[in-house]
Amino acid sequence: MCIKTENRVIADVFADAVSRHGERPLIEVPADPDRAYHPGGYRITYGQAADQVAAIATRIRAAGYGHGHRIAVMAGSRPEMLLIKLACAELGISFVPVNPDYRISEIAYLLKDSGAGLAVTVPEREADIRAAIAENGDAVDVALLESSEWPASRTAAPKTGPVTAETESSLLYTSGSTGAPKGCILSHAYELACGDWYATRGGLFTLDEGVERVYCPLPLFHINAGVILFFGMIVTGNCQLIPERFSAARWWNDIRAMKATGCHYLGIVIPVLMNAPAGPDDRNHTLKWGIGAGVEPSLHRPFEERFGIPLIEVWGMTEMCRVLVDCHEPRLIDTRAMGRPQPGLEVRVVDENDATV
């Protein structure tokens, strides 16, 4: 059963999740001795996360940041990103995640365009952040992720009104394929709707409360892992499994070791996995489904037959919280089908003249 999200704010929904699922894991990171952070792995329960979120919120509030401000965070796929996001939501601050692959000029653009008053990062990226600030000329302060104190705010005083469902929760930047990246403003209601929609599609894509463990190698600055999946886990009391990135060598070992029940993929993942020699362990896993986008139709059926799980194709955008999900039979897996309209999601197909066809 999903926690109710309509007309609510993130802090209240998370508090409900903590009260229901306090001892259950919220986030886990697989062990990786070659990773710069948490080489032995990481695990945090809902209750432990609530304590850390409260401590982060106290640190942010003490620095003078609050309702109406924006804080940029560049920390790759470190799980602390999501705890900072929850703390910002509690205070009415907009969380602005930064793509760690951005060049200095791109970071400078994002910081200037967003108007963030603080940039939080990790030691190995501090020099890049400071170079970007110097390039854009704005007064942006810098804090390290694990610092006990963050620099005092030099921005306008926070708003005094309450945080509501329509308060800005995050500012997510699109890829910028047709120009400079565009900042998409997402409200508390919008992000919770993302999670609720993800959690309630049914059919082959069913999430049971408190038992799902979803492995997702996609980046936390993106709406997929950082919003849709994250809030889908929170409203169902489930656990998000966060490797640093996709690794063909680690994929099945991580999934087996972490007892994942679901996984996220991009189209490029599937041929890489199919290129590995077939073996007796191909179905030695606990996955019930994979969900993603872009699988080649010629590989869709062979993958399902080899590994024994449905690949559920979706289509969506940062600007579209209710994604199309192809989780109900008959699925047209030999095509690029991506789902059908459902109550709450209308679809219109048009020709080159914008006429309905």
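## Backbone points of note

His 38 lies in the loop between strand E1 (25-29) and strand E2 (42-45). In this predicted model, His 38 has a positive phi of about 40° although it is not a glycine. Lys 259 is another residue other than glycine with a positive phi, in this case near 55°. Lys 259 is placed in the loop between helix H8 (251-257) and E11.

Is Lys 259 buried or exposed? Lys 259 is exposed, because its relative accessible area is 54% and the cut-off for exposed is over 50%.

A cis peptide bond is found between Glu 329 and Pro 330, with omega about 0°. Pro 330 belongs to the segment after E14.

## Strand E11 and its partners

Strand E11 covers residues 262-266, and four of its five residues are buried. E11 pairs with strand E9 (residues 213-215) through two bridges, and these strands run parallel. Within this pairing, Val 214 has Gly 262 of E11 as its bridge partner.

E11 also runs parallel to strand E12 (residues 289-293), and five bridges join the two. Here Gly 262 stands opposite Trp 289 in E12. Together with helix H9 (residues 269-275), E11 and E12 make a β-α-β unit, which is right-handed.

In soluble globular proteins, nonpolar side chains tend to be buried together. The largest nonpolar core in this model has 77 residues, of which Ile 60, Tyr 198 and Ile 234 touch the most other members. Helix H7 (residues 223-236) gives the most to this core, with ten residues.

What does Ile 234 contact, leaving aside its neighbours within four places in sequence? The residues in contact with Ile 234 are Ile 3, Val 13, Phe 14, Ala 17, Leu 26, Tyr 46 and Leu 86. Another core, of 20 residues, lies apart from the largest one, and its members include Tyr 215, Val 269, Phe 307 and Ile 309.

## The largest pocket

The largest pocket holds about 750 Å³ of space. It is lined by 35 residues, and those closest to its centre are His 222, Ile 223, Asn 224, Gly 316 and Thr 318.

Several elements give two or more residues to the lining, including helix H4 (104-114), strand E7 (168-173), H7, E11 and E12. Strand E13 (311-317) and strand E14 (320-325) are also among them. Which element gives the most to the lining of the largest pocket? E13 does, with four residues.

Note on methods. Residues are numbered from 1 along each chain as its sequence is written. This is a predicted model: local features need pLDDT of at least 70, side-chain atom pairs count only at pLDDT 80 or more; totals for chains, interfaces and linings use all residues. Side-chain values use heavy atoms; hydrogens and water are left out. Buried means under 20% relative accessible area, exposed over 50%, partly exposed in between (1.4 Å probe, protein chains only). Two strands pair if DSSP finds at least two bridges between them. A crossover is right-handed if, with the strands pointing away from the viewer, the path from the first strand over the helix to the second runs clockwise. A nonpolar core is a set of buried Ala, Val, Leu, Ile, Met, Phe, Trp, Tyr and Cys residues joined through side-chain atoms within 4.5 Å. Contact means heavy atoms within 4.5 Å. On a 1 Å grid over the protein atoms alone, a cavity is a set of points where a 1.4 Å probe fits but cannot get out, and a pocket is an open set with protein on both sides within 12 Å along at least five of seven lines; lining residues have an atom within 4 Å of a point. Grid points are joined across faces, edges and corners, and a volume is the space filled by probe spheres set on the points.
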